[in-house]
Amino acid sequence: MLTIDGQPLIGRGVLSTTVSVAQAKSQFAALVARAEAGEKIIVTRSGRAVACLGPLPERPPIKYGELSGVFLSEDLTIPDELIRDFEPSE
């Protein structure tokens, strides 16, 4: 059974399109647009699913006060040997 992350793709309304690597190369921009619109596209090589192109999961917006429990150290000094790693060598 064809799965992504252990989730079956057949019979769940998830599998909508399967394309070969060659097709994906020639139609990449169109496939990305379809994925952006919510479609999941399975890319195959020699008939075997090797990749999935689909929309990214939505990220919840950051809310004011969400970082209220974050602790910042009072000592933010950087060791000299670390600073030297970022200075140009002569």
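Which helix does glutamine 23 lie in? Glutamine 23 belongs to helix H1, which covers residues 21–26. The model discussed here is predicted.

How exposed is glutamine 23? Its relative accessibility is 37%, so it counts as partly exposed. Now look along the chain to threonine 44. Glutamine 23 and threonine 44 are 21 residues apart in sequence. Their C-alpha atoms are separated by 9.5 Å.

## The overall layout

The protein has three helices and five strands. Starting at the N terminus, the elements follow the order β-β-β-α-α-β-β-α.

Of the 90 residues in the protein, 11% are buried. Contacts along the chain can also be sorted by separation. Take those between residues at least 6 apart in sequence: 27% of them join residues at least 24 apart.

## The three-stranded sheet

Three strands form an open sheet in the order E3-E4-E5, and their pairing is mixed. Strands E3 and E5 (48–53) stand at the edges. Each has a single partner strand, so one side of each has no neighbour in the sheet. From one strand to the next, the twist averages 35°.

How do E4 and E5 run relative to each other, parallel or antiparallel? They run antiparallel, and five bridges join them. Strand E4 spans residues 41–45. Two pairings can be picked out. Valine 43 has alanine 51 in E5 as its bridge partner. Threonine 44 stands opposite alanine 49 in E5.

The hairpin of E4 and E5 has two residues between its strands. Here serine 46 takes a positive phi near 55°.

Strand E3 holds threonine 17 and runs over residues 17–20. Is threonine 17 buried or exposed? Its relative accessibility is 15%, and buried means under 20%, so threonine 17 counts as buried.

Which residues does threonine 17 touch, beyond its neighbours within four places in sequence? They are Arg34, Glu39, Lys40, Ile41 and Ile42. With arginine 34 there is also a polar contact, side chain to side chain, at 2.8 Å.

## Arginine 34 and the salt bridge

How many salt bridges does the structure hold? There is one. Arginine 34 forms it with glutamate 39. The closest N and O atoms of this pair are 2.8 Å apart. Side chains of opposite charge can pair when their charged atoms come close.

At 31% relative accessibility, arginine 34 is partly exposed.

## The nonpolar core

Which residues make up the largest nonpolar core? Its six members are Val19, Ala24, Leu31, Ala35, Ile41 and Val43. Helix H2 (28–36) and strand E4 each supply at least two residues of this core. In soluble globular proteins, nonpolar side chains tend to be buried together.

Alanine 35 is one of the core residues. Leaving out its neighbours within four places in sequence, alanine 35 is in contact with Ile41, Leu53, Gly54 and Pro55.

How values were computed: Residues are numbered from 1 along each chain as its sequence is written. This is a predicted model: local features need pLDDT of at least 70, side-chain atom pairs count only at pLDDT 80 or more; totals for chains, interfaces and linings use all residues. Side-chain values use heavy atoms; hydrogens and water are left out. Helices (H or I, at least four residues) and strands (E, at least two) are DSSP runs, numbered from the N terminus. Buried means under 20% relative accessible area, exposed over 50%, partly exposed in between (1.4 Å probe, protein chains only). A polar contact is a pair of N or O atoms within 3.5 Å; within protein, one must be able to donate a hydrogen and the other to accept it, and residues adjacent in sequence count only if both atoms are side-chain atoms. Contact means heavy atoms within 4.5 Å. Two strands pair if DSSP finds at least two bridges between them. Axes are lines fitted to C-alpha atoms, for helices over the stretch in contact, and angles run from 0 to 180 degrees between N-to-C directions. A salt bridge is a side-chain nitrogen of Lys or Arg within 4 Å of a carboxyl oxygen of Asp or Glu. A nonpolar core is a set of buried Ala, Val, Leu, Ile, Met, Phe, Trp, Tyr and Cys residues joined through side-chain atoms within 4.5 Å.
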